[in-house]
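Keep the viewer open while you read.

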Amino acid sequence: FLYYIKEKEKNKMKKILSLILALSLIFAALTLTACSENDSEGSITLVIATENKQVYDVPLSSLRAGGGLMPAFEYLKEEKGLEYDINGSMINSIGGLENDYETGSYIYIYTSVEKDFDVSEYKMEIEYEDKTLVSSGVGFPEMTLTDGAIIYIGLINW
């Protein structure tokens, strides 16, 4: 008889622990979903240097956190119809710019965010609206998006 009572208590405890675990997982999922939104104030300027430059003001509060430039690309695709082709961390085309391996023309990214500057001997600089932008020393998935940042995507020839 005591064995039966102990088993019944064990089963009851298992059910309670299972319920607590399930509720904890639901809470964690809701928290992660809420945290995936970027609550940053301000915006970035994203320039795609086609013949007629495409200039976008991207509100940081509309982007999911993390992922470098990818959330901005996703936002612009949804809101403005921006077309791009990305394979891993390689941008093959974006907004009419396209890599051309035969002519040695490649998509290149410049930034105003000092943290992301290329500091190697190969860094390149361009001027955009009286600001010096430096070639990015990190890939687009690692780039920093901060209020007032200018991201300039153009072509270079090697």
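Start with Glu51, which sits in the loop between strand 1 (43-48) and strand 2 (54-59). Helices (H or I, at least four residues) and strands (E, at least two) are DSSP runs here, numbered from the N terminus. Glu51 has a relative accessible area of 82%, so Glu51 is exposed. The labels work like this: buried means under 20% relative accessible area, exposed means over 50%, and partly exposed is in between (1.4 Å probe, protein chains only). Glu51 and Gly96 are 45 residues apart in sequence, and their C-alpha atoms are 9.4 Å apart in space.

A word on the ground rules: this is a predicted model, where local features need pLDDT of at least 70 and side-chain atom pairs count only at pLDDT 80 or more, while totals for chains, interfaces and linings use all residues. Residues are numbered from 1 along each chain as its sequence is written, and side-chain values use heavy atoms, with hydrogens and water left out.

Now the overall layout. The protein chain has two helices and nine strands. Read from the N terminus, the elements run α-β-β-α-β-β-β-β-β-β-β. Of the 158 residues in the protein chain, 35% are buried.

Next, the aromatics. How many aromatic pairs does a search of the whole structure find? The search turns up six. Rings of Phe, Tyr and Trp (its six-membered ring) pair if their centres lie within 6.5 Å; planes under 30 degrees apart count as stacked, over 60 as edge-to-face and the rest as tilted. One of the pairs is Phe73 with Phe140: the ring centres are 5.7 Å apart and the planes sit at 40°, so this pair is tilted. Phe73 belongs to helix 2 (residues 70-80) and Phe140 to the loop between strand 8 (131-135) and strand 9 (150-157), so the pair links distant parts of the chain, 67 residues apart. Both Phe73 and Phe140 are buried.

Another pair is Tyr110 with Tyr152, whose ring centres are 6.1 Å apart with planes at 70°, so they meet edge-to-face. This pair also links distant parts of the chain: Tyr110 is in strand 6 (residues 105-111) and Tyr152 is in strand 9, 42 residues apart. Tyr110 counts as buried at 5% relative accessibility, and Tyr152 counts as buried at 11%. Tyr110 and Tyr152 also belong to one aromatic cluster with Tyr108 and Tyr128.

On to charges. The structure holds two salt bridges, a salt bridge being a side-chain nitrogen of Lys or Arg within 4 Å of a carboxyl oxygen of Asp or Glu. In one, Glu74 partners Arg64, with the closest N and O atoms 3.2 Å apart. Glu74 lies in helix 2 and Arg64 in the loop between strand 2 and helix 2, so the bridge ties together parts that are ten residues apart in sequence. The other joins Lys123 and Glu125, and here the closest N and O atoms are 3.7 Å apart.

| Residue | Relative accessible area | Class |
|---|---|---|
| Glu74 | 32% | partly exposed |
| Arg64 | 35% | partly exposed |
| Lys123 | 42% | partly exposed |
| Glu125 | 48% | partly exposed |

There is also a surface patch of negative charge, where Asp85, Glu98, Asp100 and Glu102 gather. Such patches are made of residues with over 30% relative accessible area and no salt bridge, with like charges joined within 9 Å. Asp85 lies in strand 3 (residues 84-87) and is partly exposed, with a relative accessible area of 38%.

Which loop holds Glu129? Glu129 is found in the loop between strand 7 (125-128) and strand 8, and Asp130 is found there too, between strand 7 and strand 8. Phi of Glu129 is near 45°, a positive value in a residue other than glycine. Asp130 isn't a glycine either, yet its phi is positive at about 65°. With a relative accessible area of 61%, Glu129 is exposed, and Asp130 counts as exposed at 81%.

How values were computed: Patches are made of residues with over 30% relative accessible area and no salt bridge: like charges are joined within 9 Å, nonpolar side chains (Val, Leu, Ile, Met, Phe, Trp, Tyr) within 5 Å. Accessible areas come from the Shrake-Rupley method with a 1.4 Å probe; for residues, only the protein chains shown count as cover. Lys and Arg count as positive and Asp and Glu as negative; His and the chain ends are not counted. The place of a charge is taken as NZ of Lys, CZ of Arg, CG of Asp or CD of Glu.
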